[in-house]
Every structure is written in C-alpha cells, then in structure tokens.
Amino acid sequence: MFDIEDYKDVEPLPLTQDVTNEEELCRIMYCDEYKQVMALMRRMISKDELSVRALRLNSRAIELSPAFYTAWNYRFRIIEHLLKEETQLQGEGHDASYMLNKELDWLDEFTLNNPKNYQIWSYRQALLTQLYPHATFSREHPIMDLMLDDDSKNYHVWSYRKWCCAHFKTYGQEMAFTERFIKRDVYNNSAWSYRFSMLKHSDVDLDQELQFVLDKIEYVPQNISTWNYLGGLLQMMGTSDKLVEQLLQFSKKYIDESAFAYEFYARMSKLSGTANGKDVAQMYSHIADIDPIRDQWWNRKSLQADQGK
Amino acid sequence: MQRDTPLFTEEVLQKHVKFLKRHLLLLPASHQSTDVNLMAVVFYAFESLAALGQDIATDYQSNLKWMRSNYVSQKVTDEELSGFIGGPTMNIPDTITLSLPNTLFGLLTLVLMRDMEFFDKVLNKKTLGKFVSRCQLKENGAFVSVLDYKLGKASIIDSHDLRFCYIAVAILYTIGCRTEDDFKEYIDVDSLVEFILSQRSAFGGFGAFGEAHAGYTSCALSALKLLNKLDELSSLEKEKTLQWLIDRQVTREGCWEKQDISNEYYNEDDHGGFQGRENKSADTCYAFWCVNSISILYPNLKTMLQTEPVKDHLLNRTQNTLTGGFSKCYKEDADLYHTCLGIAALKLMEGSFNGALCIPTHAAKEFDL
C-alpha cells in the first residue's frame with residue numbers, strides 16, 4: 001500500500017511558479033495530498049528512479065491525475081525494469097507473468113473507474129506487445145465485457161477489441177460477439193460497424209448474412225445502421241441481376257416509412273434498369289418530402305440524377 | 001447572414017463572458033486533473049472569448065509572460081527540441097514533457113493574444129518542427145502526442161490516431177508551412193496522407209475501427225485541407241463523406257415521426273442538433289465537428305444544410321442562460337469544452353470562424369493563417 005513515510009529521503013520538487021499571482025492563469029487550489037504526491041512524483045521522474053516504491057507512488061499520482069501523460073510513460077519504464085529484475089530471479093522461483101497479471105489487475109480496476117480516460121488502452125497495448133509475450137485474448141475479455149455492459153457503444157473498447165483480434169490473430173468469436181449486442185439493441189451502430197469490419201475475417205456464408213440483416217431491417221425499417229450494412233454487404237456480394245431484383249422488391253416494402261429504404265430502393269431501381277434518370281430524380285424529390293430537414297441534399301441528388309450523373 | 005439579429009442578448013453574452021473568465025482565475029481542487037493540460041483550458045476559454053468579440057490581447061496582456069513560460073526547449077541527446085508543455089507542473093528537470101496538443105493550444109492562444117513578438121523572436125520554428133517530426137511513426141505515418149521522457153523517441157505507450165495527425169499538421173501550418181515542400185521539411189507527408197485515408201470507413205466518415213466518428217472525420221478533413229490534399233479523395237468519395245455528415249443531423253420530421261421509441265438514444269427534442277455517430281444522441285460538440293467537416297467539403301454551407309435548426313438546438317437546448325456556457329446536452333451542467341465548441345459552431349455558421357484551425361477568422365487573418 002502507498003505510504004508517504006516510504007519517501008522520507010526523497011527531496012520534493014514542489015509545485016511553485018516564479019511569476020507573481022497576477023500573471024498566472026488558471027491557478028488551481030490544490031488539495032494537500034495532490035501537492036505532496038506530485039512534488040515527490042516530479043522528483044522521482046526527474047531522477048528516473050525505477051523501483052517498487054516508485055510504482056506505488058505512481059499509482060497514487062495517476063489516480064489523482066489520470067491525464068498525467070509522463071506518469072504513464074514512467075509507469076511503463078518502472079514495470080519494464082522490475083520485470084527484468086524478476087526475470088533474472090526466475091531461477092529462484094520468481095514468476096514474471098504473476099507480476100504482469102498484477103499490473104493488468106490494477107489497470108482493470110483503474111479502467112472501470114476512469115472509463116473515458118485516453119491513456120488506458122494504449123498503455124495496455126504497450127504492455128501486451130512489449131512486455132507480455134504470453135498474454136492471452138481470454139485474459140482481455142472480462143474488462144471489455146464489463147466496459148461494454150456499462151456503455152455498449154464505448155468507442156475505445158470496440159477499437160481495442162479490434163486491435164486484440166489482430167494482435168492475437170484470433171477472429172473466430174467475433175461474429176457471435178457482435179450478434180449479442182445487436183440482439184440487445186438493433187440500433188447499436190458500433191456493433192454493426194464492427195461486424196462489417198470483421199466480415200472479411202470470418203467464414204460466414206454471405207447469403208446467410210444477407211438474411212440476417214434483412215430480418216433486422218424487417219424488425220425496424222428506419223434504422224440507418226442496418227441499411228448501411230446491407231449496402232456494404234451488397235458491394236461484397238456483387239450486384240447480380242437476381243440479387244438486385246430481390247433487394248428492389250424488399251426495399252419497396254418500406255419506402256413509406258423509411259427514407260433509408262427509399263434511397264436504397266432508388267439505387268436498386270437504377271441498377272436494375274427499371275427506372276431512368278428522370279424516374280430516379282423523382283424518387284429523390286420524394287425523399288425530400290419524407291426527410292425534410294435534408295431537403296437541400298435530396299434535391300441536389302435529384303438534380304444530379306436528372307442530369308444523368 | 002442575419003448579422004442584424006445577434007446570436008446573444010447583451011445579458012446572455014455577459015453571462016457567457018463571465019462563465020469563461022471564471023475558468024481562467026482561481027480554480028477549486030476539483031479542477032486538479034486539468035493541471036497537466038492547462039494549455040487546453042486556456043485555449044478553450046480564449047478562443048470562446050475571442051469569438052464573442054472580447055479583446056483578449058488587452059484584457060490578458062499581463063498574462064503573456066506566464067503563457068510564454070510554457071514554451072520550452074528540451075535537449076534530447078545532441079538535438080534541441082521545443083514546444084509547449086501542459087503547464088508549469090509539467091516542467092520537470094531532465095525530462096521531456098513536450099506535448100503535441102498543448103503545443104497547438106499554446107501557439108493558437110498566443111495568436112489570439114496577438115503576440116507577434118513571440119512568433120518573430122521567441123519561437124524557434126526549426127526545433128519546434130523537429131519535435132513534431134519525432135512524434136511521427138515510421139511504420140505507418142501516424143502521430144503520437146508525446147515523446148518518451150528519457151529516450152526522446154515517439155512514445156510507445158501513447159495512442160496514434162487522427163486527432164494527433166490533425167494536431168501535427170495544424171501546428172506546422174501555424175508556424176508557416178504552406179506548400180508540400182514546407183511540410184516535407186519536417187514530416188513524411190505521403191505516409192501521413194496514406195494513414196489518414198486508411199481511416200476512412202466503408203460508410204463515408206472516418207474512424208478508428210471501421211465505425212465512422214464525426215470528431216475523427218473533422219480531424220481527417222481539416223488535416224487534408226491544411227495539407228492541400230483534399231483531392232486525394234475522389235469526387236465520389238467526397239460525395240459519400242458529405243452524405244454521411246449530412247445524415248448526422250437529428251430530426252423529428254417526416255418519416256422520423258415514426259422512429260421507434262425502442263431506440264433509447266433517440267429524442268425528438270434533439271431536432272436540428274448533430275450526433276457524432278449513427279443512432280446516437282445529439283451533442284453540442286458534434287455540431288462543430290460536423291458543420292466544420294461539411295463546410296470543408298462544401299463551403300456554400302447554407303445551400304447544403306439547414307442551419308437554423310442547428311442554431312435553435314444550440315441556443316434553446318444546450319445553452320445555459322442562467323449560468324452562462326453550453327452543455328453537452330439538455331439538462332446537463334455547462335462545461336468549458338462544450339461552451340467552446342458550441343460558440344465555434346454558431347460562429348462558423350455565421351461565417352466568421354476558421355474551422356480548420358478552430359479560431360475566429362479575424363484572428364487567423366491577422367497572422368496570415
């Protein structure tokens with residue numbers, strides 16, 4: 001545990017400034033602990049002391065100031081150094097992976113308390129790539145699950161998961177993983193986007209995938225995430241006459257209730273050759289009526305279609 | 001447009017000014033976490049005050065010395081680097097604490113303070129450019145925001161993403177880089193542009209894992225604009241990105257009346273505002289990120305976008321006329337960041353704001369930016 005008594009021999013580097021009060025902007029009324037911890041932290045960073053007590057002080061400093069970018073860097077160097085010492089002692093029964101797991105435990109706890117912090121995920125990536133060759137994907141699952149339970153659209157977590165897949169070269173569970181989130185909330189755009197980026201790594205049958213997204217559109221037609229996904233899927237599958245005809249009939253069902261359906265319908269009509277430029281122009285004008293806030297955009301599209309663009 | 005109807009009544013304007021100025025004075029301990037990134041706090045407040053027509057240069061003349069003291073030179077082996085640190089607390093002997101975001105915030109703050117002397121005599125463009133250069137990753141052209149505090153190499157524990165790419169470009173632009181050769185003196189432009197384009201999602205916007213995000217999109221487009229590389233996007237790609245941005249405006253009209261209430265992020269009172277991603281709630285800062293992005297691709301903004309509903313949403317839903325300031329969304333407390341970007345969005349739509357650099361047009365012009 002952190003105990004200020006452990007640092008009696010460290011000369012503090014206090015937070016003072018050599019300008020008069022009037023000149024200073026944003027003068028913060030620091031609490032006593034902040035002043036004390038930061039004064040010690042600054043001295044120890046300056047001296048680059050890489051030790052167990054430095055790690056304990058560092059934890060406290062980062063808790064008090066999560067955005068303290070140099071402290072994260074310092075922490076990494078401490079861990080790296082301690083690990084080297086530990087590895088040298090391994091013959092005597094010491095276990096380096098125990099230490100790394102303890103560090104990840106600390107990071108898990110810190111992450112839960114600071115979900116919006118920017119440093120946590122890149123720090124984690126550095127630990128796994130630089131120091132922890134025996135890390136496993138499964139060790140990473142609980143923290144990601146907990147974070148996504150709390151905020152199913154947490155951008156950092158979805159990004160981190162994608163990084164993990166590449167790092168551990170494991171893609172097998174990803175389609176099922178996104179399905180869990182889509183089932184819970186069909187509007188979860190993070191889950192849909194992530195699913196799309198995972199498609200090329202999966203061995204899923206594209207016809208089956210098509211049925212999957214069509215079912216979700218049927219469930220809620222006015223949902224941009226699913227129509228986007230369908231558009232992306234169509235590009236992967238290629239626009240065969242049969243498929244275009246199928247999607248033309250499918251999207252037609254929803255044109256009264258969804259601007260996205262209508263736009264898709266217009267695209268399919270053009271692709272299938274059942275509508276000429278003038279017809280498509282008219283369709284876009286109609287979308288302007290059902291999506292009036294974007295009327296200028298749809299009118300522009302209408303004009304472009306009319307001019308054969 | 002309607003210059004005859006000002007955005008704010010005199011009473012509300014004064015409340016915003018007071019709200020902003022308070023962030024520059026004595027702050028309670030609850031602000032401790034900003035201690036290591038104070039340049040951001042000062043910039044958000046100054047940028048907003050300047051956009052509201054306040055005379056920063058005169059009002060804060062006495063703080064110039066303090067501002068400049070955050071610009072420091074640090075030596076790495078045999079090379080001299082310079083830039084801004086996050087604040088006085090980050091001044092640590094024998095430790096490289098220069099920060100890319102704080103450097104941009106610091107430089108732009110001195111632009112707003114009209115400190116010509118700093119740019120002419122104090123600033124060392126060469127050593128500052130070298131700092132920026134060291135933040136670029138060789139393997140993919142992207143940027144991190146800090147250097148390893150001992151080794152002086154791009155930090156391996158920092159993230160690299162479109163935010164820092166944009167910031168690096170904006171810094172170099174601010175210190176005078178205009179042509180491709182100017183930029184190439186410090187950074188690898190080709191690999192940077194390649195990285196930026198690699199972050200474009202299948203659906204038109206830019207983002208980190210395939211999900212487009214309005215903040216990242218604004219960073220990508222602003223960086224390409226400052227690099228004069230927008231045409232690396234084909235006109236078809238621009239069109240798709242534009243549509244993705246236009247689609248971020250939240251509405252309750254037309255077929256949206258039938259929007260299923262099962263979408264927990266949908267709120268009909270968000271009408272006119274902007275969301276940052278598909279199916280998310282409207283948020284003040286995304287009005288800026290989206291409107292800026294749209295205006296980069298399509299400068300004749302008002303023939304592309306209904307700006308009145310955006311304005312209504314900001315002024316009537318997220319503006320706090322009691323305390324001053326803007327909040328992220330309805331019923332939350334006003335905060336500095338959303339106040340800065342709320343005002344920026346309003347001024348951008350009025351045509352008096354340089355979105356790519358995020359400062360008022362008049363301030364940019366004075367420094368030939």
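## A hairpin in chain B

In the hairpin of β1(B) and β2(B), two residues lie between the strands, and B:Thr77 has a positive phi near 40°. This is a predicted model, in which local features need pLDDT of at least 70, side-chain atom pairs count only at pLDDT 80 or more, and totals for chains, interfaces and linings use all residues. Residues are numbered from 1 along each chain as its sequence is written, while chains are lettered from A and ligands numbered from 1 in the order in which they are written.

Strand β1 (residues 71-76) of chain B and strand β2 (residues 79-84) of chain B run antiparallel and are joined by six bridges. Two strands pair if DSSP finds at least two bridges between them. Helices (H or I, at least four residues) and strands (E, at least two) are DSSP runs, numbered from the N terminus. B:Ser73 has B:Ser82 of β2(B) as its bridge partner, and B:Gln74 stands opposite B:Leu81 in β2(B).

## Two domains in chain B

The domain assignment, which is automatic or from a database, divides chain B into domain 1 (32-198) and domain 2 (200-251 + 263-369). Taken over C-alpha atoms, the centres of domain 1 of chain B and domain 2 of chain B are 23 Å apart.

Between these domains, 26 residues of domain 1 of chain B are in contact with 29 residues of domain 2 of chain B; contact means that the C-beta atoms, placed from the backbone, lie within 7 Å. On the side of domain 1 of chain B that touches domain 2 of chain B, at least two residues come from each of α2 (38-51), α5 (100-112), α8 (162-174) and α10 (189-198) of chain B. The most come from α8(B), which gives eight residues. By class, this side of domain 1 of chain B has 20 nonpolar, two polar and four charged residues. Ala, Val, Leu, Ile, Met, Phe, Trp, Tyr, Cys and Pro count as nonpolar, Asp, Glu, Lys and Arg as charged, and the others, Gly among them, as polar.

## Helix pairs in chain A

Helix α2 (residues 52-64) of chain A and helix α3 (residues 69-88) of chain A have axes that come within 10 Å and cross at roughly 155°. α2(A) is therefore roughly antiparallel to α3(A), a term for angles over 145 degrees. Axes are lines fitted to C-alpha atoms, for helices over the stretch in contact, and angles run from 0 to 180 degrees between N-to-C directions. Among the residues making the contact are A:Leu55 and A:Ile62 of α2(A) and A:Trp72 and A:Ile78 of α3(A). The contact of α2(A) with α3(A) has ten nonpolar, one polar and one charged residues.

The axes of helix α9 (residues 189-199) of chain A and helix α11 (residues 224-237) of chain A also come within 10 Å, crossing at roughly 10°. α9(A) is therefore roughly parallel to α11(A), the term for angles under 35 degrees. Residues in this contact include A:Trp192 and A:Phe196 of α9(A) and A:Tyr229 and A:Met236 of α11(A). By class, the contact of α9(A) with α11(A) has five nonpolar, four polar and no charged residues.

## Where the chains meet

Between the chains, 67 residues of chain B are in contact with 65 residues of chain A. On the side of chain B that touches chain A, the elements giving two or more residues are α2 and α4 (64-69) of chain B. This side of chain B has 28 nonpolar, 25 polar and 14 charged residues.

Terms used: Two residues are in contact if their C-beta atoms, placed from the backbone, lie within 7 Å. Angles under 35 degrees count as roughly parallel, over 145 as roughly antiparallel, 65 to 115 as roughly perpendicular and the rest as oblique.
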